[in-house]
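Thanks, everyone. Let me put the model on the screen and walk through it briskly.

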Protein chains: 2
Amino acid sequence: MERLKERILAEGAVRAGGVLKVDSFLNHQIDIGLCCEIGREFYRLFGGEGITKILTIEASGIGIACLAAQYFGVPVLFAKKGRSLNVDGELYVSQVYSFTHQTTSEVYVSRKFLHRQDRVLILDDFLANGKALTALFDLVRQAGAEAVGAGIVIEKGFQGGGDRLRAEGRRIESLAIIDEMAPGSIRFR
Amino acid sequence: MERLKERILAEGAVRAGGVLKVDSFLNHQIDIGLCCEIGREFYRLFGGEGITKILTIEASGIGIACLAAQYFGVPVLFAKKGRSLNVDGELYVSQVYSFTHQTTSEVYVSRKFLHRQDRVLILDDFLANGKALTALFDLVRQAGAEAVGAGIVIEKGFQGGGDRLRAEGRRIESLAIIDEMAPGSIRFR
């Protein structure tokens, strides 16, 4: 998506440790016009798939998922992070390993809101090593629902998570894939 | 807002400790049609105020803020929770005391995204004792910006935070104010 790539080039800041800061328009301050266009692009890609629910993860996926969901006419469900209190098995829970913090954390959704009949589109702002996305696919699998695919705003292609998931047969649609980056230089796939 | 009150009566579950669960449409699963209507109602209330930015707090305020922001045509800024790394004083930081956990935590925004010239509308899903909202007003004050008021989806009137802020001269517009609740019974103001 050209307008997105232009904004990444104009405002993205590459920091140590493979961090790309895009907090002026995507994950701290949110440019609503741009994110609506992102939502329409996801609808162009997945609108014919009979999606019944959009799944994302707190916090920065929520805005993008809600704006996109308007075009699909379906509810958003956001997975919560942190320690789950899985009373009476009322949750689907999955684990995410963080390379940055070298810790494993839990993500979960209520069983009430994911069902066998659901056709689920997963949306998120970033895809790097793919651990969070893998956990979201796992939540959908636990519910017996169909994960149609994932729509990602920015994929850090050099971290390999997207290509690994594609090799497993997942449909992953990223609106900008970065194959190389360094301070002052970003190269898209 | 009648449609909101009907949903609270139909789906809200009152739990011990003054907890109202509305996770089927507001803060876990999100009903996008309802939340767009909520956004239009905030625009009806504050659309004439020359708002330049909407401020909310992660995580469950983000969806409502993004959907509302479309009608205002302004960006959303969401305050982050947790321990701030305030390198070079690049953040505005405020404190929130949690009665539930009896702990003080920090909320913060980047100084880059709040300016003296801004006219800020604060939006959030819940208002109870008002501690989080007070911290958001404090962030706006630190930036020297103008806080026009706050739009709240559900106010727990019996916890007093809204009335305390109104008594201080703040404009607080809540779309549903609950004055009493118990399992099976919710009374609106």
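Start with helix H1 of chain A, residues 2–11, and helix H2 of chain A, residues 32–46. They pack at an angle of about 140 degrees, with their axes 10 Å apart. Axes here are lines fitted to C-alpha atoms, for helices over the stretch in contact, and angles run from 0 to 180 degrees between N-to-C directions. The angle makes H1(A) oblique to H2(A). On the cut-offs: under 35 degrees is roughly parallel, over 145 roughly antiparallel, 65 to 115 roughly perpendicular, and the rest oblique. The crossing of H1(A) and H2(A) is left-handed. That label means the near helix is turned anticlockwise from the far one by less than a right angle; clockwise is right-handed.

Who touches whom? H1(A) brings Arg3(A), Leu4(A) and Arg7(A), and H2(A) brings Gly33(A), Leu34(A), Glu37(A) and Ile38(A). Contact means heavy atoms within 4.5 Å. By class, that is three nonpolar, one polar and three charged residues.

A word on provenance. This is a predicted model, where local features need pLDDT of at least 70 and side-chain atom pairs pLDDT 80 or more, while totals for chains, interfaces and linings use all residues. Residues are numbered from 1 along each chain as written, chains are lettered from A and ligands numbered from 1 in written order, and side-chain values use heavy atoms, without hydrogens or water.

Now chain B. H2(B), residues 32–46, packs on H3(B), residues 61–72, at about 50 degrees, axes 8 Å apart. That makes H2(B) oblique to H3(B). Their crossing is right-handed. The residues of this contact divide into twelve nonpolar, two polar and one charged. Among them are Phe42(B) and Tyr43(B) in H2(B), and Leu67(B) and Tyr71(B) in H3(B).

Next, the loops. In chain A, the peptide bond from Glu58(A) to Ala59(A) is cis, omega near -5 degrees. Ala59(A) sits in the loop between strand E4 (53–57) and helix H3 (61–72) of chain A. In chain B, a cis bond joins Glu58(B) and Ala59(B), with omega about 0 degrees.

Finally, the interface. 29 residues of chain A contact 29 of chain B. The buried area is about 2400 Å², and carbon and sulfur atoms give 64% of it. Buried area is accessible area (1.4 Å probe) lost on putting the two parts together, summed over both. How many salt bridges link chain A and chain B? Two. One joins Lys112(B) and Asp23(A), at 3.5 Å, N to O. The cut-off is a Lys or Arg side-chain nitrogen within 4 Å of an Asp or Glu carboxyl oxygen.

Conventions:
Helices (H or I, at least four residues) and strands (E, at least two) are DSSP runs, numbered from the N terminus. Ala, Val, Leu, Ile, Met, Phe, Trp, Tyr, Cys and Pro count as nonpolar, Asp, Glu, Lys and Arg as charged, and the others, Gly among them, as polar.
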